[in-house]
Amino acid sequence: MRKVIVTGAGSGIGREFTKLYLGDGSQVLAVSLLQDELDELTREFGSAAAHLQTLQMDLSKPDAAATLLRWCDENDWIPDILINNAGFACFGDAVDLSPERVTNMLQLNVITLTEMSMLFGRLMKERRRGAILNVGSTAGMVPSTRMASYGGSKSYVNTFTYALAAELKPYGVTVTCLTPGATQTKFAQAGGIDTFSDKSMLHNMFDKNKAGSPVEVARGGYEALAAGKTQALVGKGSKLAAVLSRVVSQKRLPALIRNP
């Protein structure tokens, strides 16, 4: 039976990934910051919960990846598939944001994701099998105001993942970058988008429930990983972002995409 780790598994896209892998008979280790979300997962899945293991962890801690690997070693839980989904945004003008909050975001979105990919990817390379999916974003393709640090973190995830895919391919390990558009999850709440009082298209999108579906996004990533694809471009606005990133200079995009 396959073993799958899903980070940020308690809600949104991560929750949908957990459903998909439990549905195909995999064993899933669901990792989340919030214990109440994990408890709800266990209640929701009923009989399928026999294949569900939960672990409450703060993955934004500097030693999170090594701590999780140690837990997996001690509990015989080395995964066949790793879904690096955990992450959040900081919304607002870059110089007005809390430096501590941005540092915390970069630790989770960039450092922990990188270390998780390296540590578990090394084990997969040695076994010559396995798969990793990293959740990037169209925000990493199209730089925009009020999302400077978040977009920068996801630009890193996108490019890191494509390069890692090329490095691990000869060893039978596939790496997929999921690049969704805005998705209707707790993203707006965690990033401060929902309480933003100035004009914002992104705020209006989430407020009116017009962002993309986490069910659709997770399904797209799940199918792309199963097919061994390097990228899964899924969700509302994703194709437009891909086109803009190819035809418009990055230095001009923030001025063109106003009121994000």
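Where is Lys251 found? I looked this up and placed Lys251 in the loop between helix 9 (238-247) and helix 10 (253-256). Helices here are DSSP runs of H or I with at least four residues, strands are runs of E with at least two, and both are numbered from the N terminus.

**Basis.** I am working on a predicted model, where local features need pLDDT of at least 70, side-chain atom pairs count only at pLDDT 80 or more, and totals for chains, interfaces and linings use all residues. Residues are numbered from 1 along each chain as its sequence is written, and side-chain values use heavy atoms, with hydrogens and water left out.

**Lys251, continued.** I noted Lys251 as exposed, because its relative accessibility is 70%. The classes are buried (under 20% relative accessible area), exposed (over 50%) and partly exposed in between, with a 1.4 Å probe and protein chains only. From C-alpha to C-alpha, Lys251 lies 9.9 Å from Ser144, although 107 residues separate the two in sequence.

**Whole chain.** I counted 10 helices and seven strands in the protein chain. Of its 260 residues, 51% are buried. For contacts (heavy atoms within 4.5 Å), I took those with a separation of 6 or more, and 72% of them join residues 24 or more positions apart.

**Helices 1 and 2.** I then checked how helix 1 (residues 12-23) packs on helix 2 (residues 35-45): the angle is about 35° and the axes are 12 Å apart. Axes are lines fitted to C-alpha atoms, for helices over the stretch in contact, and angles run from 0 to 180 degrees between N-to-C directions. The crossing is right-handed, meaning that the near helix is turned clockwise from the far one by less than a right angle. Helix 1 contributes Arg15, Thr18, Lys19 and Leu22, which meet Glu37, Glu40, Leu41, Glu44 and Phe45 of helix 2. By class, this contact has three nonpolar, one polar and five charged residues. Nonpolar covers Ala, Val, Leu, Ile, Met, Phe, Trp, Tyr, Cys and Pro; charged covers Asp, Glu, Lys and Arg; the others, Gly among them, are polar.

**Faces of helix 2.** Which residues of helix 2 are buried? I found Glu37, Leu38, Leu41 and Phe45. They sit on the same side of helix 2 because they cover an arc of only 100° around the axis, taken from the directions from the helix axis to the C-beta atoms. These buried residues pack against helix 1, strand 2 (27-32) and strand 3 (52-56). On the face turned away from the buried side I noted the exposed residues Asp36 and Arg43. Gly46 follows helix 2 and has a positive phi, near 50°.

**Helices 3 and 4.** Ala64, Ala65, Ala66, Leu68, Leu69 and Cys72 of helix 3 meet Thr112, Glu115, Met116, Leu119, Phe120 and Leu123 of helix 4. The contact has 10 nonpolar, one polar and one charged residues.

**Ser149.** I located Ser149 in helix 5 (residues 148-168). Ser149 counts as buried because its relative accessible area is 17%. Leaving out residues up to four places away in sequence, Ser149 touches Cys90, Leu97, Val102, Met105 and Leu106.

**Cysteines.** I searched the whole structure for disulfides and found zero, taking a disulfide as a pair of cysteine sulfur atoms within 2.5 Å. Cys72 is buried at 0% relative accessibility, and Cys177 is buried with a relative accessible area of 0%.
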